[in-house]
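Biologist: Hi! Could you walk me through this structure in simple words?
Modeller: Happy to, here it is.

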Amino acid sequence: MTLEAKNLQEMDFRANHELVVNGTLFPEDFEKIDDEIIRVAETELEMIKLLSQKGVVDASYTVGDLVAKYNKSSEMTPANVSMDIATTPEKDRVTFSRSGVPLPVYSKAFQLNERQIESFRKHGNLESEHMTQAIRTVAQAAENMCVAGETSIGEIEGTVLQGLTTFTDRNTFTISNAWTGSSADPVTDVSDMIDLLKQDGYRGPYTLFLPDNVWKVLGLDYSTVKGDNTLFDRLMAMPKIESIVNLSALPSGNVVLLQVTKDVVDLAVARDIVAFPEPVTKVGVYDFTVQAIMALRLKSDKNGNCGLCHATGA
């Protein structure tokens, strides 16, 4: 799939079949498998779908890249102010330091037999829970990586893979009254989170990510004395809030505010989600692997400033 596409339906999963071996399946078979990848991805890839829609995807990497690197930049000093047009301004330059994240491989295998394939071709639908679950497993692993990072791979070339709730330089905020309780004040909480990002120099617009336990209360009335707007309406009416997303991979009570621009976050991709066949070792049985190679790349400047705020207690 081409993650730079404006929406998931435009993603082209059909350009990744250079790995086909033995030629046992027809091209239309792969198209139908790709359709299943798209169907599952539409429901599972909440964070990755948003990054694609925002255009913050770097697909320049290959399977040979172990680390997706980027530059951390410094700020310039303030501009000179003078009434003299001939005044020579202070010379300055931005300095850079290299950083990066590992690019892990997410994979899951499944198996189809010849009868399933023939039924697939004849009736136009593939009823294989094995395939669906394999695709879902890879998609969920990628989403979980975006939220919590990936500690299982350890340190690669001096880099580690961190997520929205684990990034070292993220701003943190503690919510005093749970949003699911009667004393909740989510508008004030989000306003305080915005202030933290503005202090770091990130002025929005922002996307607010909410876990399932908070998402389910957004349809409730915001206040009995302030009109009939729901909590969702009130939060969306806040200046600089561009969108609110239900991110199911977020743990209960965790809220994330993120400026979705390339200087803050992007998705480094070496291989989009693709299903490819393994060599045939038994007549009538086809083994497949669903695989993706990608990493969320959260960024901060050389001073540790970051356009991400992670709150707990909601």
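Biologist: Is E157 buried or exposed?
Modeller: E157 counts as exposed, because its relative accessibility is 56%. Here buried means under 20% relative accessible area, exposed over 50%, and partly exposed in between, with a 1.4 Å probe and protein chains only.

Biologist: Before we go on, what kind of model is this?
Modeller: This is a predicted model, where local features need pLDDT of at least 70, side-chain atom pairs count only at pLDDT 80 or more, and totals for chains, interfaces and linings use all residues. Residues are numbered from 1 along each chain as its sequence is written, and side-chain values use heavy atoms, with hydrogens and water left out.

Biologist: Thanks! Back to E157: where is it?
Modeller: E157 sits in the loop between α4 (129-148) and β5 (171-174). Helices (H or I, at least four residues) and strands (E, at least two) are DSSP runs, numbered from the N terminus. E157 also has a positive phi of about 50°, although it is not a glycine.

Biologist: And what about phi of K240?
Modeller: K240, a residue other than glycine, has a positive phi too, near 80°. K240 is in the loop between α7 and β7 (241-246), and at 40% relative accessibility K240 counts as partly exposed.

Biologist: New topic: how many aromatic pairs are there?
Modeller: A search of the whole structure finds two. Rings of Phe, Tyr and Trp (its six-membered ring) pair if their centres lie within 6.5 Å; planes under 30 degrees apart count as stacked, over 60 as edge-to-face and the rest as tilted.

Biologist: Why is the pair of F110 and F288 called stacked?
Modeller: Their ring centres are 5.1 Å apart and the planes are at 5°, so the pair is stacked. This pair links distant parts of the chain, with F110 in strand β4 (residues 105-113) and F288 in strand β10 (residues 285-298), 178 residues apart. Both F110 and F288 are buried.

Biologist: And why is the pair of W215 and F232 edge-to-face?
Modeller: The planes of W215 and F232 are at 85° and the ring centres 6.2 Å apart, so this pair is edge-to-face. W215 is in helix α6 (residues 212-215) and F232 in helix α7 (residues 231-236), 17 residues apart. W215 is partly exposed at 31% relative accessible area, and F232 is partly exposed at 29%.

Biologist: Last one: which peptide bond is cis?
Modeller: The bond from G204 to P205 is cis, with omega near 0°. P205 lies in the loop between α5 (186-199) and β6 (206-210).
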